[in-house]
Amino acid sequence: MIKLVAIDMDGTLLNSKKEILEETKKYFKDFHKKGTDTLLVLCTGRPESGIHPYLKDLGYLEENHYIISQNGANIYESQTGKRVMDAFLDSTAIQKWIELGKKHGVSVMGAGVDYYYSFDEDPTEWMEFDVKLVSGKLKRIPTEESLNTDFYKILLMGDEEQLNEFETFIPEEWRDEFYVVRSQKYLVEVLAKGVNKAFGLEKLAQNLNIEPSEIAAIGDAANDIEMLEYAGLSIAMGNASEEVKAIADIVTDTNENNGVIKAIDKLI
């Protein structure tokens, strides 16, 4: 029996306009009213500020639901906002990422608990674009202050070609020291070693005494792969990358055609 369904947001629950389809909104609200024991858990790279605007439409403010945010580095409760788990980066260790990004001309930003931070520089268009996308707040932070600030992740941004080239400059040993993922064409994310969506999902599952075999996961992109591999049942969206489809047990419909609820309907 599936006791928990972990659901990515961008490219999965949200369509290309960053909206939840009306049929999906109704399905989620009706699902909770039925009193089923299965949990529908959002598992996303977004911060709380980028998740909150969708919670009312899903019925997640009427009762408490666990949400995995920041690509698995944070778990919090939807109704109370209480943080259940945090996995922060070593603030000293991230300085080399800041230096590497600046050296090669990509935008470097830190994701903290309440703010996004630009390091010793004015915000770039890429920073402002990404922060606006998730309804976040951006502020500048001096290097010395950043050493005493908690960061969930570092974001390195640029156009697709620029990031393709930048990735060739990342030392291989750094990929062993951190979790590094190209989550979007314009975005590379860096988290603490071993911290990804599977990490957050495993922490929540252990807290709830749920086995991996009792979990289904739905996603579309590279930062969903570990979560899909961890879950007993992995579901790729119809619009997912070929890399994701290749590891999935099932491929559902697209994010433009209610793929999430079609998948859940077959499970429950």
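In what order do the strands of the open sheet of 6 strands lie? The order is 8-7-6-9-11-10, and the pairing is mixed. Two strands count as paired if DSSP finds at least two bridges between them, while helices (H or I, at least four residues) and strands (E, at least two) are DSSP runs numbered from the N terminus. The structure is a predicted model, in which local features need pLDDT of at least 70 and side-chain atom pairs count only at pLDDT 80 or more, whereas totals for chains, interfaces and linings use all residues. Residues are numbered from 1 along each chain as its sequence is written, and side-chain values use heavy atoms, with hydrogens and water left out.

Strand 8 (138-141) and strand 10 (178-184) are its edge strands, each pairing on one side only. On average, and with direction ignored, neighbouring strands are turned by 30 degrees against each other. Strand 10 runs antiparallel to strand 11 (residues 187-192), and 6 bridges join the two; within this pairing, Val-181 has Glu-189 of strand 11 as its bridge partner. Helix 6 (residues 160-167) lies across strand 9 (153-157), strand 10 and strand 11, and runs at about 160 degrees to strand 10. Such angles run from 0 to 180 degrees between N-to-C directions, with axes fitted to C-alpha atoms, for helices over the stretch in contact.

Rings of Phe, Tyr and Trp (its six-membered ring) pair if their centres lie within 6.5 Å, and planes under 30 degrees apart count as stacked, over 60 as edge-to-face and the rest as tilted. The whole structure holds 11 aromatic pairs. In one of them, Trp-126 and Tyr-186 are stacked, at 5.4 Å centre to centre with 10 degrees between the planes. Because Trp-126 belongs to helix 4 (residues 125-133) and Tyr-186 to the loop between strand 10 and strand 11, this pair ties together parts 60 residues apart in sequence. Tyr-186 is buried, at 12% relative accessible area, and Trp-126 is partly exposed at 29%; buried means under 20%, exposed over 50% and partly exposed in between (1.4 Å probe, protein chains only). Tyr-186 also pairs edge-to-face with Phe-129, at 5.3 Å centre to centre and 80 degrees between the planes. Phe-129, likewise in helix 4, is 57 residues from Tyr-186 and is partly exposed at 40%. Elsewhere, Tyr-115, Tyr-117, Phe-119 and Phe-151 form one aromatic cluster.

The axes of helix 1 (residues 22-33) and helix 11 (residues 259-267) come within 9 Å and cross at roughly 35 degrees. Contact here means heavy atoms within 4.5 Å; Glu-23, Thr-24, Tyr-27, Phe-28 and Phe-31 of helix 1 meet Val-260, Ile-261, Ile-264 and Asp-265 of helix 11. With helix 2 (residues 48-58), the axis of helix 1 comes within 8 Å and crosses at roughly 65 degrees. This contact involves Lys-25, Phe-28, Lys-29 and His-32 of helix 1 together with Lys-56, Asp-57 and Leu-58 of helix 2.

Strand 4 (residues 74-77) and strand 5 (residues 83-86) pair in the antiparallel sense over 3 bridges, with Asp-86 of strand 5 as the bridge partner of Asn-74. The hairpin has 5 residues between its strands, and Gly-81 in the turn has a positive phi of about 75 degrees.
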